[in-house]
Amino acid sequence: MQTAYRICPLCEATCGLKLTIDTGRITGVRGDRDDVFSSGFICPKGAALGQLDSDPDRLRRPMVRHGESWTETGWAEAFAIVERGLMGVIERHGRLSVATYLGNPNVHTLAGQMYAGEFAKTVGSPNVYSASTVDQMPKHVSSGLLFGDPLAIPVPDLDRTDHLLLLGANPVESNGSLCTAPDFPGRLKKLRKRGGRLVVVDPRRTRTSALADQHVAIRPGTDAYLLFAMVHTLFEEGLADPGPLASHIEGMEALPPLAEAFTPERVEQVCAVPAEGIRTLARDLAQAPTAAVYARIGTTTVEFGTLTSWLVDVLNLLTGNLDRSGGAMFPLAPHRRRGSGRGRGFQLGRWHSRVSGLPEVKGELPAATLAEEIATPGEGQVRALVTIAGNPVLSTPGGDRLDRALSGLEFMVSVDPYLNETTRHADVILPPPPPSQSAHYDLAFNELAIRNNARYSPAPVPLTDDRVDECEILARLIQIAAGRGATAPPAEVDDRLIERELAKAAADPASPVYGAEAAKLAEELYPGTPAERRLDMKLRLGAYGDGFGADAEGLSLRRLLAEPHGIDLGPLQQRIPEVLKTVSGRVEVCPDPIVADIGRLREGLEARRDALVLIGRRHLRSNNSWMHNVPALTGGTNTCTLQVHPDDAERLGLQHDATALVRSRSGQLQVTVERTEAVPAGVVSLPHGWGHGAPGTRTEVAAADPGVNANVLTDPAVIDPLSGTAVLNGVPVDVLPAP
Ligand SMILES: Nc1nc2c(c(=O)[nH]1)N[C@H]1C(S)=C(S)[C@@H](COP(=O)(O)OP(=O)(O)OC[C@H]3O[C@@H](n4cnc5c(=O)[nH]c(N)nc54)[C@H](O)[C@@H]3O)O[C@H]1N2
Ligand SMILES: Nc1nc2c(c(=O)[nH]1)N[C@H]1C(S)=C(S)[C@@H](COP(=O)(O)OP(=O)(O)OC[C@H]3O[C@@H](n4cnc5c(=O)[nH]c(N)nc54)[C@H](O)[C@@H]3O)O[C@H]1N2
Ligand code: SF4
Ligand SMILES: [Mo]
């Protein structure tokens, strides 16, 4: 028996876990009480890490498909098949014909963070897709336009704020998103205990709204109206005051006229929130000593996702809460350096998708358009697909169409531990090792953490013989895509990247290694795995780094390895103007693409909103599509039911537990009805990530309680135009008793 510490990779909270390991298996999981960030917090998913890790359905060796059947194969052979398949398509149809889809767990693995983007870049095709366009892309676009950097996302300063206005998020079940805060529920309770106020805007009653001082049951998809009317109120009542930030803002004068049309009286009927209530929300926000507006997936995967994301930070700014303690602040991750306060700004639409002409966003095309790019013949048609940690058949709109399109590919390879709804179409599946055999560091979530910190977990258990580290799997794919072949040494990839980054640092007068010789610096790196060498480099060049000797106290991987519970780097600090990368060097508060989209919002004031609409939900013991195979996380209230308000159920003739037929513009399905007052009349809720048990999948536990794929109902043709993000909430549907 041995004890090991491992950061939990299962959600954005990044809790430190204390694992008991017995002969290579996780036999016990507890929260690590000494973790500098999570202080012992754990949720049911973290507690089930052992079961997840040793799930008998987890693939151990590469799988090769022959028609309907699969055989296991050795790694060398698998990579050789991938090389033949991928390079064959490239030779026949060119690099444009290869698409990459990067799924959510890429932000939860070191491999995904360090290699997946590089892989897509190496392929050199505009056909790059990811879970971001069914998730948070609107926030990237809004940050890109406001601050010049799509990754500069302000997070609520949870532990210090006096007032939190939270929209479209349910962190008591999701444990938080775009705001990394272990024990989010406990932090909300503490906020109230210290006399602060929590306001939750959500159509549904949730476990988060149950903690709140006030719950505003807004009509789905209309948050942009509510927030704009709050902006309107701030101007009308002379409450708009950015405080000391005023000298760092550009374009303020354009804001009041834009807010003009959105009076509380005008938007009242749109969002089903009384005008006087909207004014009170605005006054409360402006008058709180400190306050933060925080919004998540219920506000991004909607018709006006980018405008809503923008309005969130406009409100933070207008109430003097942007970039001040207790407000909405920019974390400074250890692998980042402080900026210069100016940059090239953010551009949208540098290229367009072939079939529907949709603009590129942050180097990607909308996931909603992938199926048609595969299915539509012509020059540039997608013929090969690489999925890394993704299950787009269940997670993207029109998933049933994508499912059909995938079977028409010439070649597909998936890096994934499961044979599931998506990977069943692959020719080769390359399974990564389980978390117990993988090292961990949160590059993505340190950029969103409510306290700056650094924590590294070496793999708790050594790799077993039949395993290849996911970093190496992806590095080998990079070598293949670069044309260097399946047997080219994977470490070359890291050597090249290290050389490039060190040379850049050595040429930068603001860097601590300015003037040094890159090759010499490379020799000083921690002599671990290739990924560890790169991580060491990033930490040492970063904001708290040792600068390769410039600051003896500074961070390095060696120092982190000596601190298994992590290093706390203190509360968030003010970062404007340094964090800005806009051309003007200011916060550009009314960027052109946003202003241009406000016309669409104004037109929407006139739209009829009497349809029954569908929204999603998450259960505490779930994670998108891939944890339904873990027995400890199934059953109880974690079910795939259509929640219907009793009044609607009455009107539509739907009995509790009976089967309903749900139809949308895009598709239809049958699902069990759950009558509940948790949803308001006019709104039904269905969770996503279900719809298991398809022929050829190998997830036995999940198949026993398969549920239905909510993304048969969501429509790939309906997206937020600025961000290409799918509209997954507020989908008009008809519901009737199943025939
Ligand atoms: N209707 C509706 N649809 C939604 C949403 C919604 O709210 N409503 N939410 C959206 C959101 S927020 C997201 S993020 C997307 C998620 O979309 P995806 O990322 O496409 O879907 P996941 O279900 O997270 O699938 C993750 C895949 O990664 C695999 N995996 C797990 N661990 C690892 C690992 O360590 N390495 C590798 N290589 N693979 C691994 C799993 O087996 C699974 O196949 O779904 C979106 N879809
Ligand atoms: N347990 C669990 N945790 C997870 C996940 C999971 O699947 N299960 N997934 C992870 C991922 S990938 C992500 S992105 C995060 C997401 O984290 P959250 O954003 O907190 O996700 P949800 O719990 O889906 O909460 C979204 C809320 O928005 C509400 N909503 C729907 N439509 C609207 C609307 O139009 N306006 C407003 N104001 N609210 C609306 C829904 O009722 C729901 O309560 O969670 C992560 N954590
Ligand atoms: S809250 Fe998230 S990070 Fe923490 S234990 Fe649960 S799943 Fe893991
Ligand atoms: Mo997500």
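User: Why is Asp-720 called buried?

Analyst: In this predicted model, Asp-720 has 0% relative accessibility. The cut-off for buried is under 20%, so Asp-720 counts as buried.

User: What makes Lys-139 and Asp-313 a salt bridge, and what do they tie together?

Analyst: Here the N to O distance is 3.0 Å, and the rule asks for within 4 Å, so the two side chains do meet in a salt bridge. Lys-139 belongs to helix H5 (residues 137-147) and Asp-313 to helix H13 (residues 305-318), so the bridge ties together parts 174 residues apart in sequence. As for burial, Lys-139 has 7% relative accessibility, so it counts as buried. Asp-313 has 2%, so it counts as buried too.

User: What about Arg-424 and Asp-403: are they buried or exposed, and where do they lie?

Analyst: Both Arg-424 and Asp-403 are buried, and their side chains meet in a salt bridge at 3.0 Å, N to O. Arg-424 is in the loop between strand S16 (411-415) and strand S17 (428-430), while Asp-403 is in helix H16 (residues 399-406), 21 residues away.

User: How many salt bridges does the structure hold?

Analyst: There are 44 salt bridges.

User: How do you know that there are zero disulfides?

Analyst: A disulfide needs two cysteine sulfur atoms within 2.5 Å, and by this rule the count is zero. As for individual cysteines, Cys-8 has 8% relative accessibility and so counts as buried, and Cys-271, at 0%, counts as buried as well.

User: Which residues are around ligand 3?

Analyst: Cys-8 is one of them, and the others include Cys-11, Cys-15, Cys-43, Phe-41, Lys-45 and Asn-175. By class, the shell has seven nonpolar, three polar and one charged residues.

User: Why are S1 and S3 called edge strands?

Analyst: The sheet is open, with three strands in the order S1-S2-S3 and antiparallel pairing. Strand S1 (2-7) and strand S3 (25-31) each have a single partner strand, so one side of each is left without a neighbour in the sheet. Neighbouring strands are turned by 30° against each other on average, direction ignored.

User: What makes S2 and S3 a pair?

Analyst: Pairing takes at least two bridges, and strand S2 (residues 16-22) is joined to S3 by six, so the two strands pair. They run antiparallel, with Leu-19 opposite Val-29 in S3.

User: And how do you know that S24 and S26 pair?

Analyst: The same test applies: at least two bridges are needed, and strand S24 (residues 642-644) has three with strand S26 (residues 668-675), in the parallel sense. In S26, Glu-674 is the bridge partner of Gln-643. Both strands belong to a barrel of six strands, closed in the order S23-S27-S24-S26-S25-S30 with mixed pairing. Its twist averages 45° from one strand to the next.

Notes. Residues numbered from 1 in each chain as written. Chains lettered and ligands numbered in written order. Predicted model: local features only at pLDDT ≥ 70, side-chain atom pairs only at ≥ 80, totals over all residues. Heavy atoms only, no water. Helix = DSSP H or I, 4+ residues; strand = E, 2+ residues; numbered from the N terminus. Buried < 20%, exposed > 50% of the residue type's maximum accessible area, 1.4 Å probe, protein only. Axes fitted to C-alpha atoms, helices over the stretch in contact; angles between N-to-C directions. Near = heavy atom within 4 Å. Nonpolar A, V, L, I, M, F, W, Y, C, P; charged D, E, K, R; others polar.
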